[in-house]
Amino acid sequence: MIAPGTESPKRKPAKINVRVLRQDGPGLPQYWERHQVEYEPDMNVISVLQKIAAQAKTTDGKKVNPVAWDCGCLEEVCGSCTMVINGRVRQSCSALVDRLMEEHPEEIELRPMTKFPVLRDLMIDRSRLFHNLKRVKAWVPVDGSFDMGAGPRISREEQEQNYPLSQCMSCGCCLEACPQFNKIELQRNPGETDEAFEARKQKAYDEGFLGAHAISQAMLFNSHPVGKNIASERMEALTGTGGVQACGNAQNCVAVCPKQIPLTTSIARAGRAATVYSFRKFFDR
Amino acid sequence: MGNRVLVVGGGLAGLAATMKLAELGVPVDLLSLTPVKRSHSVCAQGGINSVNDLTRQQGDDEWKHFDDTIYGGDFLQNQPPVKEMAYWAPKVIDLMDRLGVTFNRTPEGFIDRRRFGGTLYKRTAFAGATTGQQLLYALDEQVRRYETEGMVKKYEFWDFLGPITDENGRCVGAVAQDMVSMEIRSFPADAVIVATGGNGLIFGRSTMSVFCTGSAASRCFQAGAKLGNPEFIQVHPTAIPGADKLRLMSESARGEGGRVWVPRRPNDSRYPKDIPQSERYYFLEERFPKYGNLVPRDIATREIFNICVNEGLSVDPTRMCVYLDLTHIPRAELDRKLGGILEIYEKFQGVDPRDEPMKIFPAVHYSMGGLWVDYEANASGGLLAGSPKNQSTNIPGLYAIGECDYQYHGANRLGANSLLSCIFSGLFVAPGIVNWMKDHKAASELPKSLFEQAVSSANERHKKLLANQAGDENPYLLHQELGDAMTRAATVVRDNKQLEDAYAKVLEMQERSKRCSLSDTGNWTNQNVIFTKAVQDMFPVALSILKGALMRDESRGAHFKPAFSLPSLKSTDPAERRKEAEEWCDNFEANNRKFLKTTVCTWNGKEPDHSFEDIDTRLLAPRPRLYGLVGAEAIEQVWKERSAKKEGSEKKELVGASH
């Protein structure tokens with residue numbers, strides 16, 4: 001927050017120093033590289049990376065390949081541009097240079113997320129995140145898209161509870177911060193086909209922790225009047241391997257969520273539902 | 001391998017089409033530059049329009065939604081598709097409701113509605129300030145469900161390089177490149193749907209996402225597809241200038257009392273709060289005493305542009321912008337009424353707009369024009385459901401939907417109609433494609449050489465670019481230069497001399513773009529080469545925008561050419577005024593005979609060729625849009641009398657069935 005009545009514009013630096021943790025491809029070593037770009041007002045980390053791409057030269061003047069990174073909407077609704085900036089996982093579009101320089105004037109440090117395989121530099125492979133949405137069947141199982149009239153009546157209270165959860169943009173911040181969510185990175189075996197490699201990956205993903213975002217989505221759809229028709233299928237995933245019991249209650253997820261989604265509330269709900277579901281399943285045998 | 005369809009682009013339109021095709025039993029390959037859940041549709045905030053139970057009881061109906069859309073678009077649309085869309089709108093919202101979209105609710109639990117521009121009714125359903133995101137997620141979830149059932153295969157981080165056509169010119173698939181491994185391969189398909197959105201990046205920075213380069217549409221255009229109305233670009237008056245992007249600032253800031261101003265003295269470097277009232281120029285309030293800061297969008301856009309570009313009164317020496325000032329309104333009131341949008345400003349500018357005036361400037365926002373598509377009308381003037389002609393480009397088997405088609409918004413788009421047109425065109429195209437496939441040989445049965453040929457020529461272009469070490473052009477700087485030229489000549493105010501100069505300049509830049517040298521010549525996740533190809537492919541569309549604007553010597557909707565605008569009435573004497581109004585109407589009719597036409601561009605390998613095509617006005621006769629014009633009442637009177645006379649003489653004839 002800026003103090004009310006800020007009197008005069010602050011003195012601005014002429015240059016910005018940036019230190020980037022690079023990696024040329026999967027399985028290759030990481031290395032640090034320093035870049036320097038001209039300061040402009042209203043810059044964010046995206047515009048810094050755009051300048052780095054355009055000049056493709058390190059601080060020492062060495063010609064290098066442009067740094068690879070992922071971005072999309074640049075207004076914090078698409079979830080593309082997650083990275084670790086000055087040690088904190090966040091969206092790079094809303095990471096403002098002026099603020100970063102206030103915290104740490106010497107340089108800006110950019111690293112890729114550590115819980116997903118690096119494709120190149122700051123680009124990571126988050127397909128596991130989307131895969132986990134399949135595991136919890138994060139959808140309303142409608143009959144189809146033909147015109148069947150309006151949906152069920154939803155109270156204002158229900159909408160206000162569900163809307164924050166439906167703003168999850170699958171950015172992965174909660175997973176980066178989670179001590180229980182560990183990186184799964186497989187190497188392709190010699191002679192392995194695309195399909196076989198993909199199947200092996202899916203299987204490994206199926207055994208890993210679901211993570212806060214997927215648990216929260218399961219809760220979102222379990223509370224929808226039609227979504228809950230397959231609640232027990234979601235509970236199977238939540239009580240199975242990598243389910244909600246794997247959560248260690250560190251509460252890091254909710255602290256780093258850029259959308260302030262009440263993730264720990266969702267996890268607590270899921271935990272209670274899992275206990276009830278397991279009991280019922282045991283006695284219904 | 002049986003029939004397959006390739007959908008390119010996974011925003012609202014692409015996902016709606018994918019979902020519908022899968023439901024109809026057609027397997028889909030879904031290809032996108034980004035994970036589909038991150039598509040640009042997430043940026044839409046306001047809402048989605050439809051007639052509803054409440055507005056119906058206030059006298060609203062589908063026909064009025066249709067009329068508002070046509071009138072708002074200044075009659076430049078073929079009318080049957082727009083009619084069909086308006087009649088489907090309530091069904092589209094019911095469907096999205098069933099899919100679980102968290103629409104805001106009334107106390108009784110019905111979908112809440114708000115009012116948007118260009119209509120008298122509260123037609124707009126919304127989910128907080130993230131309606132586009134919520135709608136996209138609902139479709140993304142359904143498509144993920146079909147993915148688990150094996151009906152959809154996603155190819156995310158793939159770049160569409162162009163359609164593949166057989167010897168009869170029918171589209172039988174596409175070539176695309178994996179943006180991670182850089183592998184180029186073909187996708188045989190019985191039909192290809194392009195749903196790749198707008199082309200804001202041609203203007204450098206816009207309110208659009210980084211993938212909205214228009215390159216996919218351009219690659220279809222260069223392969224022979226026609227463009228319709230490329231010159232129609234919506235510019236929103238108030239956006240937040242950023243070094244990387246222009247972010248939208250909602251009109252409600254002015255609705256709640258925000259005032260737009262600049263210092264009277266050029267290059268006044270004082271802090272805004274230190275500039276006394278008498279030295280501030282509230283130019284909208286001074287020039288439009290009646291409407292003040294709430295003049296219509298196009299006028300506000302033109303005035304802000306004019307004050308910075310022509311009068312040199314920008315408040316920032318390094319970039320053009322004006323103040324949008326809310327600091328005179330109590331904080332508590334601002335928080336209550338404008339909390340959400342002020343947070344966006346605060347987050348991205350690092351400045352609290354409750355303390356310091358916002359710096360805003362108009363920004364390119366939406367492409368009304370796009371790939372030309374066909375339709376087949378039914379007896380009542382809507383669309384014939386299941387016709388393979390609907391949404392078809394002039395390349396048989398190649399379809400276009402969503403923002404990348406030209407069909408629904410004419411010369412100007414109404415707020416909250418874009419989400420509707422995307423979902424509608426996506427759903428509606430599917431049954432037509434199923435019928436198209438029934439009558440055509442499956443692409444998988446065609447000779448392999450056809451596809452190998454396409455892959456090898458795409459490979460050739462790719463390799464040539466990587467090998468071009470002697471080049472002297474930086475693609476990023478060239479893109480900036482293109483954006484500057486386009487923003488100067490082809491956004492808010494257009495002038496033939498400027499357009500001609502820009503055309504020559506862009507043509508020259510197109511030549512230079514062939515000499516782009518890459519800083520990355522590797523073959524792994526090479527974003528440099530993907531971007532360079534996108535930049536090269538911006539030029540054919542950029543030239544079409546300029547040519548379309550150059551050839552259209554009139555003002556219509558977003559296309560404003562002062563030298564050819566119909567003037568206001570000047571006389572105050574009633575008889576003289578009547579005479580002027582008669583003349584005005586004569587000119588209006590003469591102008592429509594010449595320019596109430598669709599611009600059609602085709603690519604000749606070097607430049608766009610331009611022609612005009614008649615517009616299907618079978619349902620609504622064109623009438624003047626007079627908002628804000630001096631003498632509007634007199635013109636309206638004359639126009640009414642003329643229309644009544646015409647109707648009398650044509651009695652039972654069908655009005656204007658021209659298509």
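In this predicted model, the centres of domain 1 and domain 2 of chain A, taken over C-alpha atoms, are separated by 29 Å, the domain bounds coming from an automatic or database domain assignment. That assignment places domain 1 of chain A at 15–120 and domain 2 of chain A at 126–142 + 153–283. Where these two domains touch, 14 residues of domain 1 of chain A and 16 residues of domain 2 of chain A take part, two residues being in contact if their C-beta atoms, placed from the backbone, lie within 7 Å. On the domain 1 side, strand E4 (residues 88–91) of chain A supplies the largest share, three residues; helices (H or I, at least four residues) and strands (E, at least two) are DSSP runs, numbered from the N terminus.

Chain B is assigned domain 1 (5–232 + 368–452), domain 2 (236–362) and domain 3 (574–650). Between domain 2 and domain 3 of chain B, the centres lie 35 Å apart, again taken over C-alpha atoms.

The two chains also meet, with 62 residues of chain B in contact with 62 residues of chain A. Among the elements of chain B that give two or more residues to this side are helix H1 (12–23), helix H4 (79–98) and helix H5 (131–148), and H5(B) gives the most, with eight residues.

Residues are numbered from 1 along each chain as its sequence is written, while chains are lettered from A and ligands numbered from 1 in the order in which they are written. Local features need pLDDT of at least 70 and side-chain atom pairs count only at pLDDT 80 or more, whereas totals for chains, interfaces and linings use all residues.
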